[in-house]
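Open the model in your viewer and keep the sequence beside it. The stops below tell you what to select next.

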Amino acid sequence: MAEFENPYAEEDPFVRAHFDCSTCGGKLWEYAIQGQMVCEDCRAVFQSADVFDAQAEV
C-alpha cells in the first residue's frame, strides 16, 4: 500500500470566521470542508454561502 501524508489530519478543521450569528450575535466558526458555519454560543448551523450572501446585501 502506498504511503501518503494527509495535511488535514493534524489541523483543526474549524476556522473562526469574521461573521456574527444572525440568531444570537455570537461569533461563527467555519467548517469549510462541509461549507457550514457554527455559532460558538447558540450552536446554530448555517450554510457558508448563505452567510456570505447575507453579508453582501448589507
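What is the order of the four strands in the open sheet? The order is β1-β2-β3-β4, and the pairing is antiparallel. Strands here are DSSP runs of E with at least two residues, helices are runs of H or I with at least four, and both are numbered from the N terminus. Two strands pair if DSSP finds at least two bridges between them.

Before going on, note that this is a predicted model, in which local features need pLDDT of at least 70 and side-chain atom pairs count only at pLDDT 80 or more, while totals for chains, interfaces and linings use all residues. Residues are numbered from 1 along each chain as its sequence is written, and side-chain values use heavy atoms, with hydrogens and water left out.

Next select β2 (residues 27-31) and β3 (residues 36-39), which pair in the antiparallel sense over four bridges. Tryptophan 29 has valine 38 in β3 as its bridge partner.

**The helix on the sheet**

**The aromatic pair**

Select phenylalanine 19 and phenylalanine 52. The structure holds one aromatic pair, and these two residues form it, edge-to-face, at 5.5 Å centre to centre with 65° between the planes. Rings of Phe, Tyr and Trp (its six-membered ring) pair if their centres lie within 6.5 Å; planes under 30 degrees apart count as stacked, over 60 as edge-to-face and the rest as tilted. Phenylalanine 19 lies in strand β1 (residues 14-20) and phenylalanine 52 in helix α1 (residues 48-57), 33 residues apart. Phenylalanine 19 is buried at 17% relative accessible area, whereas phenylalanine 52 is partly exposed at 38%. Buried means under 20%, exposed over 50%, and partly exposed in between (1.4 Å probe, protein chains only).

Cysteine 21 is buried, at 5% relative accessibility. Cysteine 24 is in no disulfide either, with the nearest cysteine sulfur, that of cysteine 39, 3.5 Å away. Cysteine 24 is partly exposed, at 39%. The structure holds zero disulfides.

Definitions and conventions
A disulfide is a pair of cysteine sulfur atoms within 2.5 Å.
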